Amino acid sequence: MCRICGSTVGEFFDFGRQPLSDTFPEPDRVDDEFFFRLAVGICESCAMVQLLEEVPRDRMFHDGYPYHSSGSARMREHFAGTARRFLREELTADDPFIVEIGSNDGVMLRTIRDAGVRHLGVEPSGGVADLSRAEGIRVVTTFFEEESARRIRAEDGPADVIFAANTICHIPYLDSIFRGVDALLAPGGVFVFEDPYLGDILELNTFDQIYDEHFYLFSVNSVRAAARRFGFDLVDVQRLSVHGGEVRYTIARPGTRPVTAAVEAMIAEERERGMLDHTTFEQFGANVKRICGDLVELLRRLRAEGKRVVGYGATAKSATVTNYCGIGPDLVEVVYDTTPAKHGRVMPGSHIPVRPASGLTETRPDYAILFAWNHEEEIKQKEKAFHDAGGRWITYVPDVRIS
Ligand code: DWN
Ligand code: SAH
């Protein structure tokens, strides 16, 4: 049943039994991993693409949540720019106030703090929330939902901006989120969120954007329908190139802001591209199977030739690739990553060991499969020595390729 409107959801792809994408077990504690059925479908009525099974939120977001948003220079720049835009365009009244849902390690709010503007991060994962608090960012360790939003409104007053990046698509209970926004948002304020875009996922075959945390794959059409249902207007959309292609949605109370032409234009484009057609989703499923087949065939061939193949970037996304395609330590012996919290652990489900990124230049493997393909440019530049020494990168979206 659709989490937005209650209608029937038509399943279009089943990845089978999958682990939690951001839980990296210790090597001797792999016996009690949590698994669920990762399947995705589209609502026959409101067209919202969503998972068919929901993982309890405390299993995913807790004190040990390992993802640090500030780990990428490009993302640091992206969010500094986002904050500057809010400071310039929205936070201009007397004593403005901005709330961020899913503020993680403070990657965006850092710039707001520097400007001396009143802010609050709402971040249930205690470890990353503490990191931002240590930098003097104001944050509460809790889930944003109707109740916590009402509490914030009572204590801090209305928010001029409520922002969320790569977080709203993680939250099945969107009804409660919108009731919370309704309670907290100033009459003329905006609710802005950015998330991976279904259009890019279909076009680039980035099937690894589908995992436990990504409960929704948004399109402009489905977000407009959801906003309307919960009593708001979708007033603007903007395409972003980060994380493999995203859309930033701007939502306001009805009639408070003009709706830009970009909204209708993107909805028309989605219709033309067949983003509501069954055949599009069938084709996507066929592409997933083809890519997995090609990738495993390549890895087997390289192994047979005696080549050393490693992974780079212990991403949440890679849980779907390794576990659905069946890639274990026999094909990829180690995954290198810069996140200390992931070191000495193993990848969820596949149990490939995770080690510090310095291993790439120290051990000079023949090939590295780039699981963090969304940071391709940044990583290729940083790890230039690997390529200069003859190492080659393997990517798998939109197709399997060696470079
Ligand atoms: O939506 C989400 C996004 C924003 O972040 C969350 N659900 C979880 C997470 O997803 P992810 O793990 O797929 O995100 P990234 O940003 O693709 O992860 C990059 C990984 O690669 C991190 O573990 C850090 C690592 N890395 C590295 O080893 N060297 C990253 C860079 C930039 C590097 O140079
Ligand atoms: N905004 C950051 C973090 C994205 S990761 C970025 O774009 O890089 C998703 C974050 O959402 C995690 O830090 C997780 O703890 C948080 N989250 C999940 N559910 C939430 C909720 N209901 N309210 C607030 N944050 C939530």
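Helix H8, residues 220-229, is mostly covered, with 7 of its 10 residues buried; buried means under 20% relative accessible area, exposed over 50%, and partly exposed in between, with a 1.4 Å probe and protein chains only. Helices (H or I, at least four residues) and strands (E, at least two) are DSSP runs, numbered from the N terminus.

Some housekeeping. This is a predicted model, in which local features need pLDDT of at least 70 and side-chain atom pairs count only at pLDDT 80 or more, while totals for chains, interfaces and linings use all residues. Residues are numbered from 1 along each chain as its sequence is written, chains are lettered from A and ligands numbered from 1 in the order in which they are written, and side-chain values use heavy atoms, with hydrogens and water left out.

Back to H8. Its buried residues are Val 220, Asn 221, Ser 222, Val 223, Arg 224, Ala 226 and Ala 227. Their cover includes helices H6 (174-184) and H9 (261-272), and strands S8 (185-196), S10 (233-240) and S11 (246-252). Just after H8, Gly 231 takes a positive phi of about 90°.

Next, the rings. The whole structure has 20 aromatic pairs. Rings of Phe, Tyr and Trp (its six-membered ring) pair if their centres lie within 6.5 Å; planes under 30 degrees apart count as stacked, over 60 as edge-to-face and the rest as tilted. Phe 13 and Tyr 324 are edge-to-face, with centres 5.6 Å apart and planes at 70°. Phe 13 is in strand S1 (residues 9-19) and Tyr 324 in helix H11, so this pair ties together parts 311 residues apart in sequence. Phe 13 is buried, at 6% relative accessible area, whereas Tyr 324, at 24%, counts as partly exposed. The Phe 215 and Tyr 216 rings are also edge-to-face, with centres 4.9 Å apart and planes at 85°, and both residues are buried.

Last, the helix contact involving Tyr 324. Helix H10 (residues 278-304) and H11 (residues 317-325) pack at about 75°, axes 10 Å apart. Axes are lines fitted to C-alpha atoms, for helices over the stretch in contact, and angles run from 0 to 180 degrees between N-to-C directions. Val 288, Lys 289, Cys 292, Leu 295 and Val 296 in H10 meet Val 321, Tyr 324 and Cys 325 in H11, where contact means heavy atoms within 4.5 Å.
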